[in-house]
Amino acid sequence: MKIAIIGGGAAGMTAAHLLDKTHDITLFEKQPILGGNIRTLNKNVACDSLDQNITLDNGVIEFQRDYFPNFHKLMHNLQVPLEHTPISSELFLANDRYYKSTGAIRYGCKTKWEKLSESLNLASIIFSYLNVYARMHFANQNSIRNRPVSDYLGNNISARWLKMLLMYAYSMPYKKIDDFPAEIAIPLLAHSGMNTKWERIVGGVYSYIEKILMQFSGSIHCNANIISVTRDSSGVEIQLINGDQYHFDKIIFATTPDQILTLLKDPTENEIKRFKDWKLNTINTIIHTDTSIYKHFGVTYFSEFDLFQNKNNEDSGYNAYLDRLCGLSTEDDINFSLAYNMEQHIAPDKIIDTQQHNSPMYNVEAIRYRQEILQTNGENHTYHAGAYLFEGLHEGAVTSGFVVSELLGGLRL
Ligand SMILES: Cc1cc2nc3c(=O)[nH]c(=O)nc-3n(C[C@H](O)[C@H](O)[C@H](O)COP(=O)(O)OP(=O)(O)OC[C@H]3O[C@@H](n4cnc5c(N)ncnc54)[C@H](O)[C@@H]3O)c2cc1C
């Protein structure tokens, strides 16, 4: 069959890889580069100001070892090397207090006394954590559907830490996290504790897209500006702004979900119902070498999940220390970080790269019809893939590629 895939992020590229052996695949990507939220400097993103031997990720970066089974199957199939990376978190508050997670205490405290003092500091919020943990733990899977995460987290200090972790995981504005769907948040938070193991892709995340491309025999159109997608009994017509027109047997949408109703010129009432509440979340991430914000707190250990509450107390940002996450030599004294919503703290001359990302704006209304989208995959010659159909992370993107591949008789891993 002739199959069009719209969107060259993780979901679209996984589907392309798995379907390529059995079908004639054409992939359309709106951007000049492939990868979606995968932005590896010196791979799919050129960066003249960075040593050409270094790869830094300014987007997707880390993967859970025990909770990403399909991602691991894909990496195994592509023979992409993964490496364990120690991860910890610190919470920096507007009132100048800070807390180190057990990982940051373990890896970052140099003396016994420092360890003891930071452990006592962390213990001071343990009851608030147990309170939130109990609420999450006893929430049953059916009752968390169609409910916002704020119903379960409350507003104590541990809840704030967890909400900031959700902001980090989904690069969503902190102010929107109260409306974040509990059915996605709670399972993620439940297995993102101190014993969670994390991995990175050696050589940068885009390395696996490169491996897919090496084997891919279909065609790829970057900078593709699609103006309409229409369907009839014979298949799917795609029209580009430059006048090019294509006919396919099937189409797979692997874009962010807000795009579906923009592209489809003949949506059914059910398609309108399923996609109308999805909006786009556009954010910037910055790679920089400015560590001055830590000096204010007297902290010299930088963590991978460092979360900063803004002075106005309402907004927040993150700074992810990249040297360990990107496997750089520890002797090198340049400290690279990836930051979101921290612009006011970063000196412009310390910025190496800025990336704009588009991702789904998750809320209870938007995800209401996710199951229905999955159950009706294939209706009107139309399939849907994307991280948003599962837990919103890389495992979800890869899983959605597996699902459409299976429905269309592609490779099974
Ligand atoms: C900054 C950031 C960091 C993240 N870090 C992690 C992480 O470390 N680990 C993790 O597990 N997850 C992370 N995520 C979540 C991440 O979004 C998913 O892991 C995954 O990469 C999403 O893949 P996707 O294919 O579903 O969507 P996307 O990556 O958004 O891909 C969609 C693609 O469709 C293209 N497209 C959109 N509209 C059109 C159109 N009209 N025509 C043609 N093409 C179109 C887009 O340009 C894009 O390439 C991160 C997300 C962000 C924003």
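Helices α2 and α16 sit roughly perpendicular to each other (65 to 115 degrees counts as roughly perpendicular, under 35 as roughly parallel, over 145 as roughly antiparallel, and the rest as oblique). This is a predicted model, where local features need pLDDT of at least 70 and side-chain atom pairs count only at pLDDT 80 or more, while totals for chains, interfaces and linings use all residues. Residues are numbered from 1 along each chain as its sequence is written. Here's the rest, by topic.

**The α2/α16 pair**
- The axes of α2 (residues 69-78) and α16 (residues 394-407) come within 7 Å and cross at roughly 70° (axes are lines fitted to C-alpha atoms, for helices over the stretch in contact, with angles from 0 to 180 degrees between N-to-C directions).
- On the α2 side, N70, F71 and L74 do the touching, and they meet H394, E395, V398, T399 and F402 of α16 (a contact means C-beta atoms, placed from the backbone, within 7 Å).
- By type, the residues of this contact split into 4 nonpolar, 3 polar and 1 charged (Ala, Val, Leu, Ile, Met, Phe, Trp, Tyr, Cys and Pro are nonpolar, Asp, Glu, Lys and Arg charged, and the others, Gly among them, polar).

**Parallel strands**
- β1 (residues 2-6) and β2 (residues 24-28) run parallel, joined by 5 bridges (strands pair if DSSP finds at least two bridges between them; helices, H or I of at least four residues, and strands, E of at least two, are DSSP runs numbered from the N terminus).
- I5 has L27 of β2 as its bridge partner.
- Between β1 and β2 the chain passes through helix α1 (residues 10-19), and this β-α-β crossover is right-handed (with the strands pointing away from the viewer, the path from the first strand over the helix to the second runs clockwise).
- β2 also runs parallel to β10 (residues 219-221), with 3 bridges, and F28 is partnered there by H221.

**The antiparallel sheet**
- Three strands form an open sheet in the order β5-β9-β6, with antiparallel pairing.
- β5 (63-64) and β6 (82-84) are the edge strands with a single partner each, so one side of each has no neighbour in the sheet.
- β6 is joined to β9 (residues 198-201) by 3 bridges, and E83 stands opposite R200 in β9.

**Domains**
- The domain assignment gives domain 1 (2-43 + 205-277 + 368-407) and domain 2 (88-195 + 280-361), with bounds from an automatic or database assignment.
- Their C-alpha centres lie 32 Å apart.
- Domain 1 puts 11 residues into the contact and domain 2 puts in 14.
- The side of domain 1 that touches domain 2 has 4 nonpolar, 3 polar and 4 charged residues.

Notes
Contact = placed C-beta atoms within 7 Å.
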